[in-house]
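This report is a guided reading for someone who meets the structure for the first time.

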Amino acid sequence: MSTPLMSPLRRTRPASIRPEPLQPGDNLRGAGLMTLSMMGFTCNDAIIKFVVQDIPLYQAITLRGVFVLLALMVLAQRAGGLRLRIPAPARAPMVLRLVGEIGSTLLFLNALQRMAIGDLTAVMQSLPLVVMLGAALFFKETLGWRRILAVGVGMLGVLIILRPGSGTFGIWSLVALGAMLLVAVRDLSTRQFGRDISSNTIAFYGAVLVTLTGFVLSLGQGWVMPQLWHLALLALGSAFLTVGYLCAVAAMRVGEIAAVSPFRYTSLLMAIFLGLVIFGDWPDLWTWVGSALVVGAGIYTIWREAQLGRRR
């Protein structure tokens with residue numbers, strides 16, 4: 001999973017606009033787009049993990065941030081320009097969101113540098129469950145006993161992956177959990193924005209603050225002269241982020257959510273594959289078991305929400 005610098009750009013239809021009628025093949029196209037999106041995000045993660053073997057992490061965050069900002073400005077220009085003014089009611093949620101954005105990026109990339117990419121991605125798969133629970137706790141959204149049970153099963157899966165008390169559990173396991181929780185803070189705070197603040201503005205502020213934070217921290221860590229292929233890989237990682245973002249937006253506009261959303265979990269298979277091919281990491285049995293519980297719980301909640309939606 002990638003640190004989602006670009007995910008807040010997602011545009012949604014206003015509630016008053018009815019979605020287009022489902023066309024033959026839409027679900028298949030949506031599934032393909034979602035799979036391509038997850039491939040983009042996971043390939044970016046693998047590139048960062050590979051590059052920071054040679055250059056300091058915070059330098060890599062800074063350099064990648066520059067490429068991401070360039071991509072954001074191009075996208076914003078195509079959308080009619082960037083509006084930087086933050087309305088007063090949105091300022092507190094923006095601060096909370098930036099704390100989640102910066103904190104989750106730093107924790108995720110530090111954990112990524114030291115954990116197997118498949119293990120870290122497996123932990124991050126519990127994010128939708130945590131966001132759903134947070135929405136029930138803080139926004140009073142209805143959450144029945146079946147989905148509460150699914151959250152419990154998903155959290156059990158995370159514990160099996162990390163195995164507290166075993167030799168595999170360490171400080172970076174806690175860092176991974178912290179990253180996941182801060183992403184949930186970021187996503188939940190984003191729900192408080194009104195329509196008077198654009199997604200481009202939200203994403204731009206996040207990208208700027210993450211890049212500046214990386215630069216400040218890099219001054220203490222030190223810089224090395226990157227080679228041309230380092231810069232090329234970081235630019236490629238930014239391109240993968242852009243592809244991931246664009247395909248994620250397109251996927252949610254094509255087909256039914258219940259048919260498309262489960263393909264988010266293809267990122268776990270991609271992470272395991274890249275971890276094996278590039279880094280020689282292969283998940284053990286308990287990681288497979290825990291991942292199955294997390295993914296199964298997530299898919300069940302998607303199915304359950306679709307059933308409730310049909311009833312409503």
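## A residue on the surface

L269 counts as exposed because its relative accessibility is 56%, where exposed means over 50% relative accessible area, buried under 20% and partly exposed in between, with a 1.4 Å probe and protein chains only. L269 is found in helix α11; helices (H or I, at least four residues) and strands (E, at least two) are DSSP runs, numbered from the N terminus. The model is predicted, so that local features need pLDDT of at least 70 and side-chain atom pairs count only at pLDDT 80 or more, while totals for chains, interfaces and linings use all residues. Residues are numbered from 1 along each chain as its sequence is written, and side-chain values use heavy atoms, with hydrogens and water left out.

L269 is also one of the residues of a nonpolar surface patch of about 910 Å², which is made by F50, W229, L269, F273, L276, V277, I278, W282 and W288. Patches are made of residues with over 30% relative accessible area and no salt bridge, like charges being joined within 9 Å and nonpolar side chains (Val, Leu, Ile, Met, Phe, Trp, Tyr) within 5 Å. Helix α11, residues 266-279, gives the most to this nonpolar patch, with 5 residues.

## The chain as a whole

The chain holds 12 helices and 0 strands. Of its 312 residues, 51% count as buried. The accessible surface of the chain comes to about 15,000 Å², and 68% of that surface belongs to carbon and sulfur atoms; accessible areas come from the Shrake-Rupley method with a 1.4 Å probe, and for residues only the protein chains shown count as cover.

Among contacts between residues at least 6 apart in sequence, 89% join residues at least 24 apart, contact meaning heavy atoms within 4.5 Å.

## The nonpolar interior

A nonpolar core is a set of buried Ala, Val, Leu, Ile, Met, Phe, Trp, Tyr and Cys residues joined through side-chain atoms within 4.5 Å. The largest such core has 50 residues, of which I61, F108, L109, L112, L120 and L234 touch the most other members. Helix α7 (residues 171-190) supplies the largest share of this core, 7 residues. Apart from it lies another core, of 12 residues, among them F41, A203, A207 and L241.

I161 has its place in helix α6, residues 145-162, and counts as buried at 5% relative accessibility. I161 and V123 are 38 residues apart in sequence, yet their C-alpha atoms are 7.3 Å apart in space. Leaving aside neighbours within four places in sequence, I161 is in contact with D119, A122, V123, T287, G290, S291 and V294.

Q125 lies in the loop between α4 (117-124) and α5 (127-138), and it is buried, with a relative accessible area of 6%. The side chain of Q125 reaches the backbone oxygen of T121 at 3.1 Å. With its neighbours within four places in sequence again left aside, Q125 is in contact with R264, Y265, S267, L268 and V294.

## Charged pairs

A salt bridge is a side-chain nitrogen of Lys or Arg within 4 Å of a carboxyl oxygen of Asp or Glu, and by this rule the count comes to 4 salt bridges. R97 forms one with E101, the closest N and O atoms being 2.8 Å apart; both residues lie in helix α3 (residues 88-114), 4 residues apart, about one turn of the helix. E101 also forms a salt bridge with R186, with the closest N and O atoms 3.9 Å apart. Since E101 lies in helix α3 and R186 in helix α7, this pair ties together parts that are 85 residues apart in sequence. Both E101 and R186 are buried, and R97, E101, R186 and D187 are linked in a network of salt bridges.

Another salt bridge joins the side chains of R163 and D284 at 2.7 Å, N to O. R163 lies in the loop between α6 and α7 and D284 in the loop between α11 and α12 (285-311), so the pair ties together parts that are 121 residues apart in sequence. R163 counts as buried at 15% relative accessibility, whereas D284, at 33%, counts as partly exposed.

Methods
Polar contact = N/O pair within 3.5 Å; in protein donor to acceptor, adjacent residues only side chain to side chain.
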